[in-house]
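Please look over the sequence and the structure shown here before reading on. The paragraphs below lead from one residue to its surroundings, and then to the chain as a whole.

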Amino acid sequence: MQESIMNSLAQSAQERAIAEKVYAGERISDEEGLYLFEEAPLGFTASLANFVREQKQGNKTFFNRNFHIEPTNVCIYTCAFCSYSRLIKNREDGWEYTMEDMLNMVKAYDDQPVTEVHIVGGVLPQYDVTFYENLFRRIKAHRPELHIKALTPVEYHYIFKKEKISYEEGMKRMKDAGLDSMPGGGAEIFHPEIRDKIAKDKCNADQWLQIHEIWHELGGRSNATILYGHIEKYEHRIHHMSRLRELQDTTGGFQTFIPLKFRNKDNEMSYLPEVSVIEDLKNYAVSRIYLDNFDHIKAYWPMIGRTTAQMSLAYGVDDLDGTIDDTTKIYSMAGSEERNPSLTTRQLAQLILQTGREPIERDTLYHVVKTYTEAEVSESFNGYLDLPVTNNPV
Ligand code: V47
Ligand code: SF4
């Protein structure tokens, strides 16, 4: 069966060689990854990506209930793609939450079945090692079972340097204070040719990877992202993923890869057009095939829209993030696809069921919290199902 599908889809010797590898569970090379980006028909790439997705996760499609806290939208760094960085000069548009503000945000979810708080925002000097240690400790004291997924190597590199401590000591202190896992942000594009143009003053690729490596060695898990669809070329996307694949071979600590589509509103790169939906789907598919040692590929649906998110489930994606009342401001400011990025659990489960997949609510570490059947989702009333999956009170 696979053989005949492969014969009908593979149009060239190169496509046949790639398909053979994928069906045999072997890793594709950088050149083959590049070929998938540059030359292969999308239908061919999609069918291989779907094969990998189903080998790894079957029909399962995951989501979790979290809420976001963005401590500040003012940032000392000046990433050209970011709608935050301009605010350093224009602070009246900005916010800087205090410890009490953030604890009140956590408390606002006391009666809601969220499993995770995702904390990430701009970088400012007052948010230092001690501040975050206290914040994590106070969140844990209030709600011990809430998983804290917080900060990226961008913040960690800055605060550890300021504190004059090593990455090892810093990450150990974060862990002792209650950090449970690290989100995938700040990766952007690793290749210096691009990174120096779009994110020149924050941590570099080696530093980003080193902090994740240290965190994995401490037993922690984390995510990884790529910011695609701006001035990078396909070879830079492959280089980025090759560095992640290499580290994952060593530590196995990454859980999911999240491609983030560049949005062009209100930033220094607004002159660039945004890439098409076809490009989004191709990018998911190549990521799924290339990153053979990642268990999950996640789509951040408020950014790409509900329809593309549904389609992405046939192009390698097995996890949908975001169900939010305008959650991450970093996206709404940069121009996300959804004007009202809010879905209830029922709506998200329906969205997944419409694609023939199986909705599964997970916790941060991909333990199953609840599965959802068609009958259950179509029931006329169930309070739990009608709660937002994620939410943000700010
Ligand atoms: O690193 C900033 C991106 C990231 C823009 O780990 C932009 O579960 C598009 O990493 N267009 C932060 N993207 C968000 C992030 C994330 C999101 C959801 C889930 C997880 C996770 C991580 O947002 C930044 C940057 O790459 N970003 N500006 C923009 N104009
Ligand atoms: Fe700051 Fe992050 Fe925006 Fe860069 S992407 S300016 S580090 S908030």
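Helices (H or I, at least four residues) and strands (E, at least two) are taken here as DSSP runs, numbered from the N terminus. With that in mind, one may turn to Gln-210, which is found in helix α10, spanning residues 205–217. This is a predicted model, in which local features need pLDDT of at least 70 and side-chain atom pairs count only at pLDDT 80 or more, while totals for chains, interfaces and linings use all residues. Residues are numbered from 1 along each chain as its sequence is written, chains are lettered from A and ligands numbered from 1 in the order in which they are written, and side-chain values use heavy atoms, with hydrogens and water left out.

Although Gln-210 and Leu-247 are 37 residues apart in sequence, their C-alpha atoms are 9.1 Å apart in space.

Leu-247 is one of the buried residues of α11, which also include His-236, Arg-237, Ile-238 and Met-241. Helix α11 runs over residues 234–251 and has 18 residues, and its 26 Å from first C-alpha to last is close to the 26 Å expected at 1.5 Å a residue, where the expected span is 1.5 Å times one less than the number of residues. The buried residues of α11 pack against several elements, among them α10, β6 (221–228) and α12 (277–290), a contact being heavy atoms within 4.5 Å. After α11 comes Gly-252, with a positive phi near 65°.

Finally, the protein chain as a whole comes to 17 helices and 11 strands. Of its 394 residues, 59% count as buried, and among the contacts with a separation of 6 or more, 75% are between residues 24 or more positions apart.

Definitions and conventions: Buried means under 20% relative accessible area, exposed over 50%, partly exposed in between (1.4 Å probe, protein chains only).
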